Amino acid sequence: MSYQGKKNIPKITTMSYQGKKNIPKITSERLLIKGGRIVNDDQSFHADIYMEDGVIKQIGDNLIVPGGVKIVEANGKMVFPGGIDIHTHFQMPYRGTTTVDDFGQGSKAALAGGTTMIVDHVIPEPGSSLLEAYDQWKQWADEKSCCDYALHVDITHWDDTVKQEVETLIKEKGVNSFQVYMAYKDYYQMSNKELYEICSFLADNGGIAQVHAENGDLIAELEAEAVFRAVTIASQTNCPLYVTKVMSKSAADVISQARKKGNVVFGEPITASLGTDGTHYWSKNWAKAASFVTAPPLSPDPTTPDYLNTLLARCKGVNGVEERMALIWDKAVTTGKMDENMFVAVTSTNAAKILNLYPRKGRIAVGSDADLVIWDSDLVHTVTAKTHHSEAEYNVFEGMELRGAPWVVICQGKIVLEEGTMHVIQGAGRFIPCSAFPDFAYKRIKARKQQAARAQPAPFWISLAGNLRYAVSQPRPHAHTHTHTDTTHRHTHTHTHTHTHTHHTHTHTHT
């Protein structure tokens, strides 16, 4: 991305200390954004933002701030919460290969596009330890990530040992989302029975089930059938469901209809499915065709991207590291499919809420992390592999002209992009733990359980020798209780005769 003319260069100045000795060296630990229009998912308003030590400290007009503060003049531009890419695969080994971008290069690309936090997938080899894989991924990210990160863990096999590890990851390691596969037959794929058990276990422990939804027994195009099956199982187990990589119209429709019925299900289209289609698979240039290969595959229907962008206004997230925010702005906001507030929701806030990181992430508020993007809605740039920050040789959006781009990017209270220049430090990223039972996902489920409990008849508890033995809900027993109290000796004699004809049980309790 190039900046055309001086008008696009942000004005950044520094306030000096007045009459102070031993002036400390000030870098960008104290920042003041002046004259911006703050955009959250629910409101927009004009105000200044003061941040210190990576946290937003003040929001308002005519703020009183310390000296030595670096000032960024926003000149009326919009200020968004930093984007959150909820689905990345950096430095991922797979059958003797490794993804081209490691955590350093991938997170740098994220920051260049206005994304200030990534959530990467830990993918253990089938049969191996989930905890060991988690430790390995975390080590890689700690060494190289330029921005904050969290981790999903994929469940690639299922047994009692894995169940114990999942519980440990939720309660001790800061992981609350786990992906299962309905594809990759004989490798990652889970049976319906295993999927049901996993969803039940996650529901009991406050986790979120993610599904890579394909029909692994048939052809990959039957995405909608797999999504419907996953939605049904998750609904039966009261487990929040997050469908990754929504590629087709029919799969998107299944999710949309399920949400209308009250199911707790979230959909995640990837940037590729929103910006391009599968017609490129027939390119005579083999390398170009190969660069479009995804799982699930892109839809060959060229009308799919526009359809998915329309549904995105009711969806919950989008991924794609560097181009994601500019592409959604161009395809959805400039075309009137969503407003600026919904843009913030689908690129940042919803992800933060799903992962239980809100309002630390995903919102501009006092006490929130100072991860911010000053957005230039008029800046036009052309996507090309020649200038993108990924190590990939091709870009599936090659030659696409997009309107809207980050002007200044701030991560952890430090300016990491200004005047089109990156200022990043590998290893500066922090692991951000995600806690169980996110309210955004579990609020409706808890209400549904309470309603169901009120609708059920009270259970009939049968006690023998002081120990709980069993319970039956039907039929209700006939109980006759006779109580005689001797007030002189303060003895109470209670005789309870219970007759349940179903079990022919007679219990006599003397107190």
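Visitor: Before anything else, what does contact mean here?
Guide: Contact means heavy atoms within 4.5 Å. Among contacts in this protein between residues at least 6 apart in sequence, 72% join residues at least 24 apart.

Visitor: And what sort of model is this, with which cut-offs?
Guide: It is a predicted model, in which local features need pLDDT of at least 70 and side-chain atom pairs count only at pLDDT 80 or more, while totals for chains, interfaces and linings use all residues. Residues are numbered from 1 along each chain as its sequence is written, and side-chain values use heavy atoms, with hydrogens and water left out.

Visitor: How many helices and strands does the protein have?
Guide: The protein has 12 helices and 24 strands, taken as DSSP runs (H or I, at least four residues, for helices; E, at least two, for strands) and numbered from the N terminus.

Visitor: Which strands pair with β6?
Guide: Strand β2 (residues 30-39) pairs with β6 (residues 78-81) in the parallel sense over 2 bridges, and β16 (residues 372-382) pairs with β6 in the antiparallel sense over 4 bridges; pairing requires that DSSP finds at least two bridges between two strands. M78 is the bridge partner of R37, and F80 stands opposite V373 in β16.

Visitor: Switching to T88, is that residue buried or exposed?
Guide: T88 is buried, with a relative accessible area of 1%, where buried means under 20%, exposed over 50% and partly exposed in between (1.4 Å probe, protein chains only).

Visitor: What is T88 in contact with, beyond its neighbours within four places in sequence?
Guide: T88 is in contact with I118, V119, D120, H121 and V321.
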